[in-house]
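Here's a quick look at how two chains sit together and what pairs up inside and between them. Have the viewer open while you read.

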Protein chains: 2
Amino acid sequence: MKILSAETFLEQDSHSQAFDQNNRLLDEKVLDIIQQVRQLGDKALFDYTEAFDGVKLSQLKVTAEEFSEAKELVDENFISSIREAKDNIEEFHRMQLEKSWFFHKDSGITLGQMVTPMARVGVYIPGGKAAYPSSVLMNVIPAKLAQVREIAIVTPPQKDGKVNPYVLVAAREVGINTIYKVGGAQAVAALAYGTETVEKVDKIVGPGNAYVARAKKWVFGDVAIDMIAGPSEICVAADDTAPPAYVAADLLSQAEHDERARTFLVTSSQALAENVKTELYRQLDSLERNEIMSKALQDYGNIIITRDEQETFDIVNKIAPEHLEVMMENASDKLPLIKNAGAIFLGRFSPEPLGDYFAGPNHTLPTSGTATFSSPLGVYDFIKKSSIIQYSKEALQEASDSIISLAKTEGLTAHANAIYQRRDEKNA
Amino acid sequence: MKILSAETFLEQDSHSQAFDQNNRLLDEKVLDIIQQVRQLGDKALFDYTEAFDGVKLSQLKVTAEEFSEAKELVDENFISSIREAKDNIEEFHRMQLEKSWFFHKDSGITLGQMVTPMARVGVYIPGGKAAYPSSVLMNVIPAKLAQVREIAIVTPPQKDGKVNPYVLVAAREVGINTIYKVGGAQAVAALAYGTETVEKVDKIVGPGNAYVARAKKWVFGDVAIDMIAGPSEICVAADDTAPPAYVAADLLSQAEHDERARTFLVTSSQALAENVKTELYRQLDSLERNEIMSKALQDYGNIIITRDEQETFDIVNKIAPEHLEVMMENASDKLPLIKNAGAIFLGRFSPEPLGDYFAGPNHTLPTSGTATFSSPLGVYDFIKKSSIIQYSKEALQEASDSIISLAKTEGLTAHANAIYQRRDEKNA
């Protein structure tokens with residue numbers, strides 16, 4: 001973890017994740033997988049699962065028996081925790097529901113915006129060593145609240161051909177019955193274009209590895225996607241009232257995700273900076289994933305010393321962190337200074353892990369500085385809007401000269417003709 | 001224009017615009033342009049403008065003199081029409097403004113969602129033969145309402161090195177002073193990554209040709225984009241009360257945009273189908289762009305005969321048209337049957353060109369069936385949300401067992417540590 005000044009930090013190169021010439025080789029592989037899935041359907045899914053996940057499946061869909069089996073394997077504690085989390089997530093996301101609206105104007109004009117849900121959504125849940133039941137909740141609940149009719153989960157099978165039981169139980173808790181044992185770019189391709197077994201969806205959401213991310217970028221346009229997520233990040237903006245042990249623990253909680261996880265402490269207090277640094281290495285030793293964390297702190301850890309609070313938040317807005325903790329006195333008063341952040345944790349008793357699992361707001365958040373233009377996953381990701389326009393004969397008549405004038409400016413005379421035809425009484 | 005049954009129509013192949021192996025050659029060119037702009041900055045912009053637009057510029061930015069000059073070249077009629085349109089567009093889009101919200105829960109929990117505008121937006125306005133002042137209004141007004149501080153327009157210069165005067169005047173009417181004379185993939189690259197003159201933006205919006213569309217797809221992720229637009233489309237759902245001359249005129253108004261524009265009439269009335277077909281060719285002859293329209297009707301025109309109203313709307317939802325006209329009795333009663341459409345025009349006096357220029361709703365709409373997952377451009381495209389989480393000491397204490405249980409399920413012990421550190425009174 002290096003300590004550096006705001007100036008030095010700002011001079012460092014900015015990152016660019018999406019447009020990377022080095023991805024060309026990965027792209028070739030991903031494009032080939034997508035093409036194979038489009039041509040061969042299920043057969044390609046079985047073949048890739050055998051090749052990449054090392055398991056020969058006889059069917060893709062998780063059976064009712066497998067769901068029941070999973071329930072036996074998880075403890076009661078887990079189920080009650082997940083139900084509490086589910087209630088909190090539902091309560092928060094219900095606030096995001098949008099209504100259709102209409103308004104009337106003079107001489108018989110009605111304008112409006114109609115909100116409709118997407119019909120089908122696919123959720124990618126990573127497999128591998130860890131289980132991600134919280135991702136099931138965070139991706140499925142907003143889609144359910146938006147009234148999406150069909151939600152399918154795709155997830156790579158374990159070596160024994162099963163799906164992680166915590167994922168299955170979490171899925172059932174939020175009403176999901178359709179889970180396909182397929183991961184990687186092949187799962188994204190199946191959701192984007194459909195196969196014999198997997199139905200084409202309107203949107204693909206959920207986290208995944210580099211293959212998944214690139215595949216999502218490629219199918220984007222034929223299908224909607226949530227975002228192209230990079231490694232996790234945390235930024236703590238703190239003053240000298242922040243307990244160093246808390247700051248250090250929270251930085252470590254993100255660093256354990258990934259060797260490339262980015263961690264930032266931004267503070268005008270040199271003393272806090274030094275104390276947090278000491279605490280980091282003290283806590284690190286007693287934690288399980290300390291190799292990952294050491295590497296992450298080494299390569300992507302920054303303690304940035306600023307001149308004052310204004311500069312602290314200038315740096316924060318420049319970083320546009322996925323997770324921002326404000327560990328300052330009167331933390332909520334700082335909100336007007338924050339322009340870019342995925343989720344904002346206010347005060348010393350709001351550690352980031354609280355948001356990962358439990359508090360209610362979504363944990364799918366914009367990474368790599370994309371909080372400058374992206375939002376947390378929400379109900380709004382699963383709806384779409386249609387504009388409504390209704391004019392009366394009189395209202396159209398009044399508007400017609402202006403429409404014709406603008407249409408002619410753009411050289412579009414058939415547009416003007418649509419108005420002229422309605423002026424001709426014999427056409428009615 | 002062919003007449004076919006619903007079954008025959010549904011058997012036709014569906015389209016896929018984004019993932020197209022034939023785009024590989026175009027991609028190579030586009031990637032090269034993006035790379036050059038990133039490396040050489042302004043110099044690349046000047047060079048490409050000379051090569052592609054045939055004009056050697058001495059500076060990229062439109063000057064105050066050029067704005068004044070433009071004002072002399074356009075007629076008063078145009079200015080008053082554009083002001084009327086502007087008022088209507090502002091009135092409609094103001095309804096889309098979103099507020100931040102918060103709520104409190106027991107034992108000192110505050111949760112919320114803060115809405116902030118993007119800082120910088122770039123609007124692409126096509127050049128070439130036609131002028132698109134209406135695109136200026138439709139793209140700029142929602143960004144302005146969202147409180148975006150900096151909005152820049154990019155547009156390819158004419159052969160004389162100037163920008164179309166209608167575009168300049170429209171830009172001034174909506175408060176834009178920053179216009180760069182650059183188009184194509186090079187303009188997209190400049191907005192995405194910045195050059196000496198062009199500042200990097202957070203989002204790129206606006207229509208463009210194939211180069212622009214592919215460039216937007218490539219930079220997506222490093223910057224937000226609105227959508228990847230295909231050719232324009234119209235679908236008229238009509239019963240036998242619809243005047244054939246109106247239906248034909250409206251189909252033609254979209255067909256004139258592009259030889260690849262798709263036009264659909266969906267109706268259970270065989271008589272209407274025949275009469276519209278006759279009308280189409282009658283009106284066609286008297287219109288300027290009849291070659292484009294003939295080609296579009298020939299290649300992408302469909303009159304689909306359904307068994308009943310339910311099947312009519314099943315087909316409509318399958319097409320998910322950019323523009324949908326409902327020319328039926330009691331048209332507004334049909335809204336519950338519509339699942340997918342960009343903009344919906346109700347009744348016979350609501351022709352599509354009314355929405356292109358004047359009524360108020362946005363004319364940037366999802367094409368090629370993407371209304372299944374996309375919305376019209378709106379104020380919501382220029383804002384982003386941050387979640388807010390604030391817990392008291394007591395509230396965190398109450399939640400801590402559940403958080404620790406979920407963290408451990410996911411194998412993330414440093415997440416659990418963030419909670420443990422706060423239980424230890426000596427750390428406070």
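## Salt bridges and the chain pairing

Inside chain A, the side chains of Lys181(A) and Glu66(A) form a salt bridge at 2.6 Å, N to O (the rule: a side-chain nitrogen of Lys or Arg within 4 Å of a carboxyl oxygen of Asp or Glu). That pair ties together distant parts of the chain: Lys181(A) belongs to strand β6 (residues 178-181) and Glu66(A) to helix α4 (residues 64-73), 115 residues apart. Helices (H or I, at least four residues) and strands (E, at least two) are DSSP runs, numbered from the N terminus. Over all chains, the salt bridge count comes to 52.

A word on ground rules: this is a predicted model, where local features need pLDDT of at least 70, side-chain atom pairs count only at pLDDT 80 or more, and totals for chains, interfaces and linings use all residues. Residues are numbered from 1 along each chain as its sequence is written, chains are lettered from A and ligands numbered from 1 in the order in which they are written, and side-chain values use heavy atoms, with hydrogens and water left out.

Now the interface between chain B and chain A. The rule finds 4 salt bridges across it, including one between the side chains of Arg422(A) and Asp250(B). Here are the two named bridges:

| Pair | N to O distance |
|---|---|
| Lys181(A) and Glu66(A) | 2.6 Å |
| Arg422(A) and Asp250(B) | 2.6 Å |

The side of chain B that touches chain A has 68 nonpolar, 40 polar and 25 charged residues (Ala, Val, Leu, Ile, Met, Phe, Trp, Tyr, Cys and Pro count as nonpolar, Asp, Glu, Lys and Arg as charged, the others, Gly among them, as polar). The contact (heavy atoms within 4.5 Å) takes 133 residues from chain B and 134 from chain A. Of the interface residues of chain B, 100% are also interface residues in chain A, so the copies meet through the same surface. Chain B and chain A bury about 11600 Å² between them, 60% of it on carbon and sulfur atoms; that is accessible area (1.4 Å probe) lost on being put together, summed over both.

How does the symmetry look? Chain B can be laid on chain A with an RMSD of 0.0 Å by a turn of 180 degrees and a shift of 0.0 Å along the axis (least squares on C-alpha atoms of residues with pLDDT of at least 70 in both). The two copies are thus related as by a two-fold rotation axis.

Definitions and conventions. Buried area = accessible area lost by both parts, 1.4 Å probe.
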